[in-house]
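Open the structure in your viewer and keep the selection tool at hand. The stops below say what to select next and what is there.

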Amino acid sequence: MYQEQRLEKILQLLEKKEELSSKDMIDYFKVSRDTIRRDFSILTKEGKVKRTHGGIVKINQEHQILSFEERVRMFSDAKIHIAKIAETFIKDNGTYFLDVSTTVLKLAQLVDKKATIYSHSLDNAIMLSNNSNIRFNLLGGQFFKKNRFYYSLNEAELLKNISFDVAFIGAAGLHNGEISFEDQEDAFLKQLVLQNAKTKILVAEESKFNQAATYTIGTINDFDYFITDKALKKEKTEFLSSSVRLIY
C-alpha cells in the first residue's frame with residue numbers, strides 16, 4: 001500500500017473511532033513504528049489530526065479555527081516546494097490573484113517583487129500587509145470562518161473588470177481530474193477570476209487526487225500549468241491533456 005493510500009485509510013478509520021493508537025495502526029497495516037510515526041506526523045502538519053501520547057485523535061474541523069501563526073506552521077515540505085516554483089511566475093509590476101489555500105499562503109510569504117495582488121483570503125491579507133512591494137486588494141464581504149475567506153456578490157462582480165497576468169488557484173480535491181471546493185461562493189469567485197486570467201496556474205499536492213469536495217469549477221485541463229509536489233502515476237496523468245504543462 002502506498003503512503004497516500006495509507007493516510008487516506010487512517011483518516012477513514014479516525015472518522016469511525018475518533019482516536020487511534022500507534023500500536024493499532026502498526027498491527028492494522030503491518031508496517032514499522034517509524035512508518036506510522038511518519039504518517040501521523042504528516043497528518044498532524046496538515047492539520048487533519050492532533051497528536052496524543054501514543055496516537056492521534058480526530059479534530060472537529062467545523063469548530064476548529066486555527067490562528068494565523070498555526071496555519072503558517074502547517075507548511076509542509078510539499079507545499080513549500082510548490083510555492084517556490086509558483087513564485088517564479090511572479091514578475092515586477094504584474095497583476096495577480098492569490099487563492100485561499102495554505103500552499104498559496106506560502107507563495108504570498110515568498111513574494112518579493114513589486115506587484116498588484118488581489119485575494120479574498122484573510123490569511124493572504126495578513127501575510128502581505130507589511131510587504132511594501134505589494135499593492136494588496138482584499139475582496140470583502142461575508143466572512144466564512146472555516147476556510148477563512150470573504151465573499152459578496154458585489155465584490156465578486158468587480159473581478160469581471162480586472163485582467164490578471166496570472167491566477168494562482170488551489171484545490172480542495174482533484175478526484176478524477178475535477179477541481180472541487182467546499183464552498184459554493186468560493187468556487188463561483190474563482191470561476192470569475194479564471195475568465196479574466198491570461199495565465200491560469202493550479203497549485204496542489206498530488207495527494208489531492210484522493211480527495212473530492214462538493215463544488216467543481218472545471219478540470220485540470222482548464223489550466224495552463226499544474227504545479228505539484230511529485231511525479232504523477234500513470235493513472236493520474238491520464239486526466240491531463242497535452243495543453244497542460246505539468247511541473248513538479
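How many bridges join strand 5 to strand 6, and do the two run parallel or antiparallel? Select residues 115-119 for strand 5 and residues 134-138 for strand 6: 5 bridges join them, and the strands run parallel. Two strands count as paired if DSSP finds at least two bridges between them. Helices (H or I, at least four residues) and strands (E, at least two) are DSSP runs, numbered from the N terminus.

Before going on, note that this is a predicted model, in which local features need pLDDT of at least 70, side-chain atom pairs count only at pLDDT 80 or more, and totals for chains, interfaces and linings use all residues. Residues are numbered from 1 along each chain as its sequence is written, and side-chain values use heavy atoms, with hydrogens and water left out.

Now pick S119; its bridge partner in strand 6 is L138.

Next come the salt bridges. Each is a side-chain nitrogen of Lys or Arg within 4 Å of a carboxyl oxygen of Asp or Glu. The whole structure holds 15 of these salt bridges.

Stay at helix 7 and select D123 with R148. Their salt bridge has its closest N and O atoms 2.7 Å apart. R148 lies in the loop between strand 7 (142-144) and strand 8 (149-151), while D123 is in helix 7, so the pair ties together parts that are 25 residues apart in sequence. Are these two residues buried or exposed? R148 is buried at 7% relative accessibility, and D123 is buried at 2%. Buried means under 20% relative accessible area, exposed over 50%, and partly exposed in between (1.4 Å probe, protein chains only).

Move to K113 and E87, whose side chains form a salt bridge at 3.5 Å, N to O. K113 sits in the loop between helix 6 (102-110) and strand 5, and E87 in helix 5 (residues 77-87), so this pair links parts 26 residues apart in sequence. K113 is partly exposed at 25%, whereas E87 is buried at 14%.

Finally, select D27 and K23, a salt bridge with the closest N and O atoms 3.1 Å apart. The two are 4 residues apart in helix 2 (residues 22-29), about one helical turn. D27 is partly exposed at 37%, and K23 is exposed at 54%.
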